[in-house]
Each structure stands twice: as C-alpha cells, then as structure tokens.
Amino acid sequence: MRILYLFFAVLLFLFQAAPGSADPIFPDTAGCKSQGNFCRALECPPTFAVSGSCHGGLLKCCAK
C-alpha cells in the first residue's frame, strides 16, 4: 500500500509542466506584440498601418 504513495508522487512529478515551456497559442500574435504593435478587430487607427495578422488571421496587427 505504501508503494502507491510513492508511485503517485513520481507520476505527479513527471507530468508537471515546466514554466515557459509551452508555445504561444498564436505565434503571429506573439510576433506582433514583440515588435511593440497591437492587435485590433476593426480597422487600425488613422495614424497606424496594418503590418500583419493576429489570432490566426482573425485580427489585424497595427503598427505605427
């Protein structure tokens, strides 16, 4: 019976996710925001231009 406690402890240890190991859900969104731009559903504001897409092509990436 005691071996089950050890087994579950090892099992939980193996399935823990390491911090920062997950890929972003939308790489285009991460790329847009890493360049200092922002995502918008509607048209970009007048002083901004569309520089790409966000959220898998659903939104626009607006850049100065």
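I take a disulfide as a pair of cysteine sulfur atoms within 2.5 Å. The model is predicted, so I kept local features at pLDDT of at least 70 and side-chain atom pairs at pLDDT 80 or more, while totals for chains, interfaces and linings use all residues. Residues are numbered from 1 along each chain as its sequence is written, and side-chain values use heavy atoms, without hydrogens and water.

I looked up the disulfides and found three. With bonded cysteines counted along the chain, their pattern is 1-5, 2-4, 3-6.

I then noted the fold, with helices (H or I, at least four residues) and strands (E, at least two) taken as DSSP runs numbered from the N terminus. The order along the sequence is α-α-β-β-β.

I went through the pairs, calling a residue buried under 20% relative accessible area (1.4 Å probe, protein chains only).

Cys 32 and Cys 61 have their sulfur atoms 2.0 Å apart. Cys 32 is in helix 2 (residues 27-34) and Cys 61 in strand 3 (residues 59-63), so this pair ties parts 29 residues apart in sequence. The S-S torsion of Cys 32 and Cys 61 is about 90 degrees, so I record the disulfide as right-handed. Cys 32 is buried at 2%, and Cys 61 is buried at 3%.

Cys 39 and Cys 54 have sulfur atoms 2.1 Å apart. The link joins strand 1 (residues 38-40) to strand 2 (residues 49-54), 15 residues apart.

Cys 44 is joined to Cys 62, S to S 2.0 Å. Cys 44 sits in the loop between strand 1 and strand 2, and Cys 62 in strand 3.

Technical notes
Buried means under 20% relative accessible area, exposed over 50%, partly exposed in between (1.4 Å probe, protein chains only).
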